[in-house]
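Here are some exercises to work through with the model open beside you. Try each task before you read its solution.

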Amino acid sequence: MATIPTTASEIAAAVAAGSITAREVLEAHLARIDARESEINAFNLVTADVARAQADAIDADIAAGRPVGPLAGVPIALKDNMCTHGIETTCSSKILEGWKPPYDATVVTRLRAAGAVMVGKTNLDEFAMGSSTENSAFGATRNPLDTARVPGGSSGGSAAAVAAGFSPVSLGSDTGGSIRQPAALCGVVGVKPTYGRVSRYGLVAYASSLDQIGPFATTVADAALITEVIAGHDEKDSTSIPQPSPSLVGAASQGVAGMRIGRVVDLPGGAEPEVSARLDAAFEALAAAGATIVDITLPSLGYALTAYYLIAPAEASSNLARFDGVRYGLRVNAADTNAMYGATRAAGFGDEVKRRIMLGTYALSAGYYDAYYGKALKVRRLIAQDFDKAYESVDTILMPTSPLVAFKFGEKADDPMSMYLCDIYTIPTNLAGHPAMSVPFGTGAHGLPVGIQVLAPALGEEAMFRVGGALEAAAGGAQ
Amino acid sequence: MTQSGSPISAADVAKVAHLARLDIDDAQVENFTEQLAKVMGHFGDIDALDLTGIEPMTQPYPLVNVMREDVELPTLDTDEVLASAPAAEERRFRVPPIVGTEG
Amino acid sequence: MSDSPLSSIVATEEQMLPGGWEMIVGLEVHVELATRTKLFSGSPNRFGDEPNINIDPVTLGLPGALPVLNKQAVELAMRIGLALNCRIQRCIFHRKNYFYPDQPKAYQISQYDLPLNADGFLALPSGAVIGVERAHLEEDTGKSTHIGGATGRIHGSDYSLMDFNRAGVPLVEIVSRPDIRTSEQAREYVSELRAILEAIGASDAKMEEGSMRCDANVSVHKPGTPFGTRCEIKNVNSIRALGRAIDYEARRQIDIIDSGGVIRQETRHWDDAEGRTHTLRTKEDADDYRYFPEPDLVTVDPSPEWIEAVRAALPPLPAARRAMLQELTGYDPQSEAIIVAVERGQHEYVKAIADAGGDPVKALIYVTQAFAEAGASPAVPAADIAALTLLERDNKLSATQAKTVLAEIVANGGGDAAAIAAAKGFEAMDTSAVEAMVDEAIAADPDAWAKYCAGEEKAAGAIVGRIMKASKGKADGKVVSAIMQSRRGS
């Protein structure tokens, strides 16, 4: 058997050229899953049969000389909050256990059309609420780099799958950092595109005005490739941006000469010293590559956490109300509908989901709306205005992705507030709706990976990938 | 107007749990009250901000007039949908007796 | 509904209730829009289908589903707003959160503080002007069927079955100001509203099928004092029931106050069979709906060009149609014939007959009588009817003969009135022949004749009946009547 390439772009090129079959690529990845999945628990479901059928269909197309898509034969793992027709979609929740959607999410349709092969549905913090994947109803995912530690979250399964080599690329969703933070903790690339770039149709909503789908990959170029495939207008999502999918792969190798990179002088503290040191090194590397470092201020950034933890739970409390035991999912039988709702939802949701539903319901309830939710929406505006002002003088901004490297299981599970603080650097871009990505840039404490976050203004993915590519090159050169 | 930093009471928690249709027992009420009070306490930080004249931001990207034409699109298969329902009868979703009234 | 503490509109003396009480009524009317598809998805908006076939991920509130607004629903809602003299404005959608099995997402997408249409009014044919606070877009719920217990009742049922075909059907909720002072006005408001909705093609507005639903907010007070506490009356399924329910409810409230009681703000259910309202729930345990802006939908901001295009395409409203027929026929716009013709949408046809040279009054009568079942646009050329009206007007046919010819024309989808009349042997009788028949009839029934001569006008019926029978309907009633009057000497 030929050597299996490691990146998605190499695999697609080799499969399209006929130098390797999609089936061979798939079997190699399934073998890795077999070898290590019981230890990692990246997947809620490995869809080997579906994947084999898809791979064989690609191979048949190639044998027949039919054209194939840009991801021909590329194995991909999907976070288990994206609807797959006829294939279980659980959000790692007991309330949806066994549910088979009668339709596909738009990203699933686009990946299939591009020739990607779906290897499985990955584990997450229940309904994407968490930063460690410990909140899964089906057991935590372990960090492939140190199995005593968390992979981050909520897209921990998708990050771990790529880090463990189960698939070269995967999809996650990012509401407050749920792609970028696990990417950082697992040492892979993770991208949250501009809000509205990628259709949310078929993504089980956590917080509708913040959710965005994006890729995990081992290289910046692969992340760009996947973003190109899944981005673009979708008439099924009213918040989908009308602009066509941008061309991004080239940007990753374009360099940063002449670019202006923002350094936030009033960045909220809390980052581990090793993480701060890597950020300094990143600025030096970019300056050496020809970029100009510009000091900027984001005075409202410190309030982002509060705004987020009022807005996201408020939307979630409404989004998750549909899990009522009437049309799908779990039902706990009771004497009347109200009793059935209460019992079903009590049995079906885990503690963190309940906590956020309670928090959000409270923030929206009569007499509290103005004090909490209404105020949070104004703070959100302040934060967006801060960014707008900053982007008058810079093209992108650099900050840490996570204040910490991967932490140990149970370390934060009992204290919601300390877990929420993991998102302090990722949340602001969700509130503003801007793109951001995490790129591995060396190691911090315990030799664990540190991710550096590249932020860009709305629709600024090209600039973001240029900086991401430069960081990747600098990190590779340093090692 | 209530201040964001105000403590949350056990009665608030019980009321909110009912609104959210989450059955919780007394021990959970106590637990949630403590946790939510701690979290809400942290959220008092935004009370310090002057937000006069600031427009609430409900969506990140300001799109207007996104509409579809009034054209029929494919519907779902009733049998497939009812097969994943907790209970169905006569092509309909079956629920326990309804108490209370609609909105 | 925002109650002003003191009303500027005061009931007239005839409108007052006994004891110096005045009723204050505001109406909330929900109408289903006549779109092809639902408000936020492409499933058909169709009444009467098999259960759960017009369903899609959005309709069922499946995880991951997202709403996309139906442009035609917005246009129809704009038509309603324009017809009700509203301001059409930039608006957004809100989520109204509550749990109920017919509400798939456990929230209804509705409009809250920024409705599409605001601050309009409806001028009633009788002259009163009722304010319209708002007319906003929202989605309908599914339908429940209650099984077991008392037939079809929710209380005491064993379980319920849910059909989501109706879920997501576009509704406009039209909220009046509390400007209505009598149950007659309430009925008139709903009748006129229904006529408008039909005329502009916004809805078929059938209360029996539930495509138009009406809730009434009723309170009582004495003029010059603040409004009383109001109760909302639900389950009113016809215009007649609306009048009965309002009268009952006002009476009930007055009785409570007169006997020293206090009105509680509550929602009450109208039982049409029992003819009374009863408590559905009190406001204290009403849900806290936690309204917030719907993040899955964007702002709707109708441009002036769009609004003007919708306005320009609006057909004439019922009031204008009645005025047109009034001008044509000289009839009172509130006359039965004009109201019926406009309600059925036959006004254009009447006008076409008149334009084809026909007699406008006879055209109105023919159309409202002969086309009662034929619907709004009968397939009979207006010129054929016009010709017939002239034959009758010029006394070439009796009214009875004309009716027979009309029936034949309608049955055949057209025809030459003169030829049909000739084929039936209908020709105007010679006046002298009619005179002979009158004399024969007088001779045959002298008692009736004596009574008629003594001024008992209805006694003429017996004489006329004899003449019609003898002439087989050929005698023109007007000619007969004129001869009889001249014989009587009056």
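Two strands pair if DSSP finds at least two bridges between them. Helices (H or I, at least four residues) and strands (E, at least two) are DSSP runs, numbered from the N terminus. The model is predicted: local features need pLDDT of at least 70, side-chain atom pairs count only at pLDDT 80 or more, and totals for chains, interfaces and linings use all residues. Residues are numbered from 1 along each chain as its sequence is written, while chains are lettered from A and ligands numbered from 1 in the order in which they are written.

**Exercise 1. Find the partners of strand S7 of chain A, and say in which sense they pair.**

Step 1. Begin with S7(A), residues 260–264, and strand S9 of chain A, residues 396–400: they pair in the parallel sense over three bridges. Here A:Gly262 stands opposite A:Ile397 in S9(A).

Step 2. Now look at S8(A), which runs parallel to S7(A) and is joined to it by five bridges. In this pair A:Val264 faces A:Ile296 of S8(A).

Step 3. Follow the chain through helix H8 (residues 273–288): S7(A), H8(A) and S8(A) make a right-handed β-α-β unit. Right-handed means that, with the strands pointing away from the viewer, the path from the first strand over the helix to the second runs clockwise.

**Exercise 2. How do helices H9 and H10 of chain C run relative to each other?**

Step 1. The axes of H9(C) (residues 382–393) and H10(C) (residues 399–412) come within 10 Å and cross at roughly 170°. Axes are lines fitted to C-alpha atoms, for helices over the stretch in contact, and angles run from 0 to 180 degrees between N-to-C directions.

Step 2. H9(C) and H10(C) are therefore roughly antiparallel to each other, a term used for angles over 145 degrees.

Step 3. Residues on the H9(C) side of the contact include C:Leu388 and C:Leu391, and those on the H10(C) side include C:Val405 and C:Ile409. Two residues are in contact if their C-beta atoms, placed from the backbone, lie within 7 Å.

Step 4. By class, this contact has seven nonpolar, no polar and two charged residues. Ala, Val, Leu, Ile, Met, Phe, Trp, Tyr, Cys and Pro count as nonpolar, Asp, Glu, Lys and Arg as charged, and the others, Gly among them, as polar.

**Exercise 3. Describe what chain A presents to chain B and to chain C.**

Step 1. Take chain B: 58 residues of chain A are in contact with 51 residues of chain B. H12(A) gives the most to this side of chain A, with 12 residues. The side divides into 30 nonpolar, 15 polar and 13 charged residues.

Step 2. Turn to chain C, where 32 residues of chain A are in contact with 26 residues of chain C. The largest share of this side of chain A, three residues, comes from H9(A). By class, the side has 15 nonpolar, nine polar and eight charged residues.

Note on methods:
Parallel < 35°, antiparallel > 145°, perpendicular 65-115°, else oblique.
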